[in-house]
Amino acid sequence: MSKPSPWTTKDAEDYYGFKRWGGNNFSVDPQGNLCVHPKGDHRKIRIADIIKEVEASGLKPPLTIRVQDMLRQRVIQINEAFRKAIDEEGYEGRYRGVFPIKVNQLREVVEEILDAGEEYDFGLEAGSKPELIIALALLENRKALLICNGYKDEEYIELALMGRRLGKQTIIVVEQLSEIDAIIRIARRMGVQPQIGLRVKLTTAGEGKWADSTGENAKFGLTASEIVEVAQRLTKARMKDALRLVHFHIGSQVPNIGTIKKAVVEATRFYCELKRMGFPMGLLDVGGGLGIDYDGSRSAYESSMNYSMEGYARDVVANIKQICEESNVALPDIVSESGRALVAPHSILIFEAVDRITRDEGKVDLSKGKPHQLISELEAIRKNKRKFDPLERYHDAKEKREEAHARFSLGNLKLEERALADRLFWDICRQIRADLAHTADIPDELARLDSMLAEQYVCNFSVFQSLLDHWALDQLFPIAPIHRLNERPTVQATLVDITCDSDGKVDDFIDLEDVRKTLALHPFKAGKPYYIGAFMVGAYQDIMGDLHNLFGRVNEAHVFLEDDEADGFYIEESIPGYSVERILGMIQYNAEDLCRMLKRQVDKATKADSVRPREGVAMVDLYERLIRGRTYLIPEREEKPVKPVKLKKVRPKGK
Ligand SMILES: *Cc1c(COP(=O)(O)O)cnc(C)c1O
């Protein structure tokens with residue numbers, strides 16, 4: 001076997017796919033550090049430097065890094081994509097996008113999007129009362145749209161109509177037939193001319209993991225017959241003028257552009273018909289669904305997409321134009337509600353691998369005494385004295401190991417012997433895998449050896465808090481170490497989190513074709529942290545994450561490029577994750593009560609002389625300190641009290 005050629009940073013880029021899924025936003029420097037290019041140009045920031053800076057302020061990983069310039073870039077990109085498509089198609093109408101707040105509600109995210117989108121009159125979409133409450137306060141641009149979706153009660157409708165009174169472009173999208181009467185009634189009472197949209201139930205179904213938003217059984221939208229009904233009720237109420245918009249949403253992360261085209265065509269037909277029936281209209285809203293190429297394969301695979309943002313804009317514009325022209329209908333302004341595509345890329349989750357779980361490695365010493373018959377047999381298989389082929393050898397070893405476990409349960413095998421049997425078995429598996437390293441056609445059973453032998457890297461984070469869709473929907477996210485990329489990663493591993501849940505793991509990874517069952521990582525270096533990043537986690541994960549095992553939100557840092565320095569950056573804001581005290585409060589435990597309860601027990605023990613007074617004081621101190629401390633692990637090398645958090649400098653005005 002020839003010696004493998006030296007590992008380069010280019011190999012790391014290929015293996016982890018940085019360029020494929022990250023485009024111009026990621027590169028590896030000669031020292032093996034992953035760098036982020038917030039604006040996709042030459043200016044870059046070493047991710048390790050961000051971690052260092054944030055740690056200096058007392059906040060450790062797990063850490064969400066928001067690269068705010070990247071968020072701004074995406075807002076500009078979608079607006080420019082539509083602007084270009086409209087130019088090229090000679091489309092007589094504008095693009096008027098909105099950001100659906102539900103995809104990432106964090107104030108700093110919504111504010112950044114509005115700021116970057118100001119010159120495009122970029123608006124907001126709300127799907128609930130709390131989201132509408134955010135939107136009404138934040139969206140001051142009177143030329144921007146405020147689309148109101150979701151189930152609505154009277155309060156919701158009243159609030160939306162209040163927006164009209166303040167001169168906002170609020171559009172209430174009717175999702176259920178019952179809503180129309182309430183809108184008419186409340187608008188009359190308030191003396192407001194409403195602007196109304198209709199969400200149509202398309203026959204075109206979405207696809208992929210998020211496809212349930214359409215089709216006959218979708219929980220949202222009006223059927224053709226309900227639309228006719230709404231049209232009649234509006235006419236009867238003399239509110240024909242209110243109907244302005246047709247809306248559809250076929251689900252998130254639509255991998256196939258063909259599906260999008262079909263839906264656009266069908267929705268445009270609804271638009272043209274309503275126009276023909278004499279409603280003013282003017283807006284066609286194509287909803288969300290614009291995908292993210294998480295695995296970088298550019299395919300119609302679930303975690304990917306077979307089109308670009310620019311291609312999407314072109315297809316939307318061209319198809320609306322064609323259908324409207326065929327029906328002799330004036331072209332509408334185009335609205336889209338892309339959430340995932342705007343916010344997924346800007347956010348990186350950093351966590352530390354803190355331990356490794358290996359498959360019974362260790363020396364097997366059979367020199368002393370006569371080993372148990374079973375052990376001798378396993379040793380013979382290990383030495384492969386009978387020159388069996390790999391599959392036979394594997395079957396034999398597996399059978400002997402099962403026998404060893406059965407005998408142990410019956411009391412016929414000692415613990416030490418069982419341990420030896422396990423070690424021998426895994427040793428045999430490792431040998432078989434090494435022997436097959438350069439074989440093309442590996443039997444299925446042996447192909448599984450890779451994942452059976454994979455180590456588990458224990459990582460200081462919670463899948464349920466930070467990568468919920470990986471657990472819930474098997475969604476793939478790019479995952480890679482953020483340093484040592486100039487070293488060959490020699491360990492095949494899967495990741496496990498620190499929750500007490502066996503589902504808290506990542507054992508599917510992106511690949512160009514299909515899915516990788518293990519990820520190559522580096523062995524630990526004593527005393528040095530090993531940081532891993534999960535990328536493109538800015539959409540949905542933050543808010544859907546849950547409190548399993550009470551870990552809660554992770555620390556967060558918002559990073560900006562420094563304008564005047566070549567490679568400089570600054571942290572605009574850092575937000576501490578949940579403390580134990582805070583998370584306990586959410587489930588009705590008051591920290592002071594708990595401290596008092598513990599202290600009472602300590603006092604009792606001191607009185608009974610089972611605990612010395614000095615020890616008792618120390619116990620109460622520890623308990624009180626940790627209740628204010630953080631929920632995630634504090635790796636051994638950093639056993640210092642957490643310093644108070646100081647907020648970093650505020651971004652200069654007018655940026
Ligand atoms: C969730 C949602 C969106 C956002 O979809 P993305 O695929 O994330 O762009 C847009 N519109 C509506 C009505 C939604 O419910």
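Student: Which residue caps the N-terminal end of H7?
Tutor: Look at the backbone nitrogen of glutamate 155: a side-chain oxygen lies 3.3 Å from it. The cap is aspartate 153.

Student: What do the side-chain values leave out?
Tutor: This is a predicted model: local features need pLDDT of at least 70, side-chain atom pairs count only at pLDDT 80 or more, and totals for chains, interfaces and linings use all residues. Residues are numbered from 1 along each chain as its sequence is written, and side-chain values use heavy atoms, leaving out hydrogens and water.

Student: How far apart are the end C-alpha atoms of H7?
Tutor: H7 covers residues 154-165, which is 12 residues. The expected span is 1.5 Å times one less than the number of residues, so H7 should span 16 Å. The model agrees, with an end-to-end distance of 17 Å.

Student: Which residues of H7 are buried?
Tutor: Buried means under 20% relative accessible area, exposed over 50%, and partly exposed in between (1.4 Å probe, protein chains only). Cover for the buried residues of H7 includes strands S6, S7 and S8, along with helices H6 and H8. The buried set is Tyr156, Ile157, Leu159, Ala160, Leu161 and Gly163.

Student: What is the distance of the salt bridge between lysine 152 and glutamate 179?
Tutor: A salt bridge is a side-chain nitrogen of Lys or Arg within 4 Å of a carboxyl oxygen of Asp or Glu. Here the side chains of lysine 152 and glutamate 179 meet, N to O, at 3.1 Å.

Student: Which parts of the chain does this pair link?
Tutor: The two residues are 27 apart, so they link distant parts of the chain. Lysine 152 counts as buried at 12% relative accessibility, and glutamate 179 is buried at 4%. The parts linked are the loop between S7 and H7 and helix H8.

Student: Is asparagine 141 buried or exposed?
Tutor: Asparagine 141 lies in the loop between H6 and S7. Its relative accessibility is 14%. With that value, asparagine 141 counts as buried.

Student: Which side chain does asparagine 141 meet in a polar contact of 2.9 Å?
Tutor: A polar contact is a pair of N or O atoms within 3.5 Å; within protein, one must be able to donate a hydrogen and the other to accept it, and residues adjacent in sequence count only if both atoms are side-chain atoms. The side chain of asparagine 141 also reaches the backbone nitrogen of lysine 143 at 2.8 Å. The partner at 2.9 Å is aspartate 121.

Student: Which residues is aspartate 121 in contact with, leaving aside neighbours within four places in sequence?
Tutor: Aspartate 121 sits in the loop between helix H5 and S6, and is buried at 10% relative accessible area. Contact means heavy atoms within 4.5 Å. The residues are Arg94, Gly97, Asn141, Lys143 and Ala144.

Student: What is omega for the peptide bond from proline 61 to proline 62?
Tutor: Proline 62 is in the loop between helix H3 and strand S4. The bond from proline 61 is cis. Omega is near 5 degrees.

Student: What is the phi of arginine 484?
Tutor: Arginine 484 lies in the loop between strands S15 and S16, and is buried at 13% relative accessible area. Its phi is positive, in a residue other than glycine. The value is near 60 degrees.

Student: Is aspartate 514 buried or exposed?
Tutor: Phi of aspartate 514 is also positive, near 60 degrees. The residue is in the loop between strands S18 and S19. At 63% relative accessible area, aspartate 514 is exposed.

Student: How many salt bridges does a search of the whole structure find?
Tutor: One of them joins arginine 433 and aspartate 450 at 2.9 Å, N to O. Glu379, Arg382, Lys383, Asp427 and Arg430 are linked in a network of salt bridges. The whole-structure count is 46.

How values were computed: Helices (H or I, at least four residues) and strands (E, at least two) are DSSP runs, numbered from the N terminus.
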